[in-house]
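Here's a quick briefing for anyone meeting this structure for the first time. Have a look at the model, then read on for a tour, topic by topic.

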Amino acid sequence: MVAKNETERRLEANRRALAGQLGEIDGMLVGSVVVRSTRCGKSGCACHDDPPTLLGRYTQLTRAVEGKTFTRYLSAEEPARYRPWFDNARRLKEITAKLEIASLHALEIDRSANANSPIPGGDATRRVTRRRSTLRCA
Ligand SMILES: [Zn+2]
């Protein structure tokens with residue numbers, strides 16, 4: 001193992017800091033929150049007037065899982081109460097993206113420090129990032 005220089009130490013510290021931030025995430029909610037009003041089935045109801053007076057204010061959480069859309073009702077105050085968990089979903093995405101880039105960077109530095117590790121097909125970074133979440137370990 002080659003002695004670490006200043007840049008490598010800084011990059012490693014950055015990587016560890018990112019990994020540490022992952023441990024701060026204690027909950028996560030994904031999806032979009034919408035408030036909907038609706039019509040009922042009764043003719044003569046104001047919800048069928050023109051213009052209609054729609055019924056209720058339903059707060060819904062909609063999320064897509066493997067191409068299917070799932071919806072669940074939330075109480076009126078739940079979106080605000082769970083705001084931090086919705087924020088965490090974005091934060092997690094950000095942190096994992098940064099961590100992936102930092103890790104690829106470390107991999108490249110390791111390889112360039114080791115002359116016996118040719119990079120198959122040339123530019124490793126471009127090949128990996130093209131296949132978004134597929135990181136293979138040999
Ligand atoms: Zn109605």
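Let's start where two helices meet: Glu-8, Leu-11, Asn-14, Arg-15, Leu-18, Ala-19, Gln-21 and Leu-22 of α1 are in contact with Ile-95, Lys-98, Leu-99, Ala-102, Ser-103, His-105, Ala-106 and Ile-109 of α3. Sorted by type, the residues of this contact come to 9 nonpolar, 4 polar and 3 charged. Keep in mind that this is a predicted model.

**How the two helices pack**

- Two packed helices are described by the angle between their axes and the distance between the axes.
- Here, helix α1 covers residues 6-22 and helix α3 covers residues 83-113, and they pack at an angle of about 150° with their axes 10 Å apart.
- Angles over 145 degrees count as roughly antiparallel, so that is the label for α1 and α3.
- As for handedness, α1 and α3 cross in a left-handed way.

**The chain as a whole**

- The chain has 4 helices and 3 strands.
- Read from the N terminus, its elements go α-β-β-β-α-α-α.
- There are 138 residues in the chain, and 0% of them count as buried.
- Take the contacts in the chain with a separation of 6 or more: 50% of them are between residues 24 or more positions apart.

**The sheet**

- The 3 strands make an open sheet, lined up as β1-β2-β3 with antiparallel pairing.
- β1 (32-38) and β3 (68-74) are the edge strands, each pairing on one side only.
- From one strand to the next, the twist averages 40°.
- β1 and β2 run antiparallel and are joined by 6 bridges.
- β2, which spans residues 55-65, pairs with β3 over 7 bridges, also in the antiparallel sense.
- β3 is hardly covered, with a count of 0 buried residues among its 7.
- In a regular strand the side chains alternate between the two faces of the sheet.

**A closer look at Gln-60**

- Gln-60 sits in strand β2, and Val-34 stands opposite Gln-60 there.
- How many other C-beta atoms lie within 10 Å of Gln-60? There are 14, so Gln-60 is partly exposed.
- Setting aside neighbours within four places in sequence, Gln-60 is in contact with Val-34, Arg-36, Thr-71, Tyr-73 and Leu-74.
- Phe-70 is 10 residues from Gln-60 in sequence, and their C-alpha atoms are 9.9 Å apart in space.

- Most residues other than glycine have a negative phi, and most peptide bonds are trans.
- Glu-66 has a positive phi of about 50°, although it is not a glycine.
- Where is Glu-66? Glu-66 lies in the loop between β2 and β3, and the hairpin of these strands has 2 residues between them.
- Is Glu-66 buried or exposed? Glu-66 has 4 C-beta neighbours inside 10 Å, so it counts as exposed.
- The peptide bond from Asp-50 to Pro-51 is cis, and its omega is near 0°.
- Pro-51 has its place in the loop between β1 and β2.

Conventions:
Residues are numbered from 1 along each chain as its sequence is written. This is a predicted model: local features need pLDDT of at least 70, side-chain atom pairs count only at pLDDT 80 or more; totals for chains, interfaces and linings use all residues. Two strands pair if DSSP finds at least two bridges between them. Axes are lines fitted to C-alpha atoms, for helices over the stretch in contact, and angles run from 0 to 180 degrees between N-to-C directions. A residue is buried if 20 or more other C-beta atoms lie within 10 Å of its own, exposed if 12 or fewer, and partly exposed in between; C-beta atoms are placed from the backbone. Two residues are in contact if their C-beta atoms, placed from the backbone, lie within 7 Å. Angles under 35 degrees count as roughly parallel, over 145 as roughly antiparallel, 65 to 115 as roughly perpendicular and the rest as oblique. A crossing is left-handed if the near helix is turned anticlockwise from the far one by less than a right angle, and right-handed if clockwise. Ala, Val, Leu, Ile, Met, Phe, Trp, Tyr, Cys and Pro count as nonpolar, Asp, Glu, Lys and Arg as charged, and the others, Gly among them, as polar.
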